[in-house]
Amino acid sequence: MTIIGKRLETAISLLKKCRNNEIFADIGSDHAHFAIEASKRGIARSVIASDINKMPLEKGRENAISQNVDMKFIISDGFDSIENEGITSAAICGMGGELIASIVLRSQTAKKCDLILQPMSAAEELRKALWDNGFEITDEIFVVENKKPYTVMRAVYTGINTEYTYIDLYLGKKREKTDAFVYYCEKVLNSAKKRRLGIIAKSEPTDEIDSLISECQMQTINF
Ligand SMILES: C[S@@+](CC[C@H](N)C(=O)[O-])C[C@H]1O[C@@H](n2cnc3c(N)ncnc32)[C@H](O)[C@@H]1O
């Protein structure tokens, strides 16, 4: 039986919203829990688990065999070796925001399929890369697992860049006031306060970071 936490469960809920799950790829699959669940729950017709490293891919293969789940396992750096697999939806979860952005931006497949993206850090870098390069973030859900806040996004390529504010970069544009979002704001607030000290030390303007700090304080007050 696969143990799947709230973070990946949320990613699964967004996978269900994808336009076409004919061929789903879990990139950076590691244990392949996401890929296995997508297959077992019948969300995707055909599933590819891929990872840049052999060891995690083998771990995923063992997990799939032990649960009687049939899927392809392919070694690949991002989409590089799976560009011709006809992928219609893909997840890139549990990596840094900059790495996820670089995987998405250098792929042609990423422009054709629905993307489920879950950055562990630098979510603002990922949002910026997506909005500056014609991707729309159609959904963003905040979730807390083991007392840590995470964001999970669904994105699609439209070819149209999205305008954004400094606050949008750090908090996203889908700011539904849930407990998890407030928790996320607390984390953003703490790191913004630290960054502000560095900005002051360099005698640079603090307007943008002040606007973010005010927004986070407003979101977290009385909560
Ligand atoms: C922390 S695990 C995340 C596992 C799973 N996706 C999750 O969210 O729980 C990150 C995995 O990404 C893989 N990885 C790192 N860089 C990658 C890349 N450029 N392409 C494919 N996989 C990569 C690592 O080998 C590792 O197995």
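How many bridges join strand β6 to strand β7? In this predicted model, the count is 10. Strand β6 covers residues 135-145 and strand β7 covers residues 148-157. The two strands run antiparallel. F135 has Y157 of β7 as its bridge partner. Two residues lie between the strands of this hairpin. There, N146 takes a positive phi near 50°.

The domain assignment divides the protein chain into domain 1 (6-163) and domain 2 (179-220). The domain centres, taken over C-alpha atoms, are separated by 29 Å. Contact between the domains involves five residues of domain 1 and five residues of domain 2. On the side of domain 1 that touches domain 2, β6 and β7 are the elements that give two or more residues. β6 gives the most, with three residues. By class, the residues on this side of domain 1 are four nonpolar, one polar and no charged.

Helix packing was examined for α7 (residues 179-201) and α8 (residues 207-220). Their axes come within 9 Å and cross at roughly 150°. Angles over 145 degrees count as roughly antiparallel, so α7 is roughly antiparallel to α8. The crossing of α7 past α8 is left-handed. From α7, the contact draws on V182, C185, E186, V188, L189, A192, K193, R195, R196 and I199. From α8, I209, L212, I213, C216, Q217, Q219 and T220 take part. By class, this contact has 10 nonpolar, three polar and four charged residues.

Key:
Residues numbered from 1 in each chain as written. Predicted model: local features only at pLDDT ≥ 70, side-chain atom pairs only at ≥ 80, totals over all residues. Axes fitted to C-alpha atoms, helices over the stretch in contact; angles between N-to-C directions. Helix = DSSP H or I, 4+ residues; strand = E, 2+ residues; numbered from the N terminus. Parallel < 35°, antiparallel > 145°, perpendicular 65-115°, else oblique. Left-handed = near helix turned anticlockwise from the far one by under 90°. Contact = placed C-beta atoms within 7 Å. Nonpolar A, V, L, I, M, F, W, Y, C, P; charged D, E, K, R; others polar. Pairing = 2+ DSSP bridges. Domains from an automatic or database assignment.
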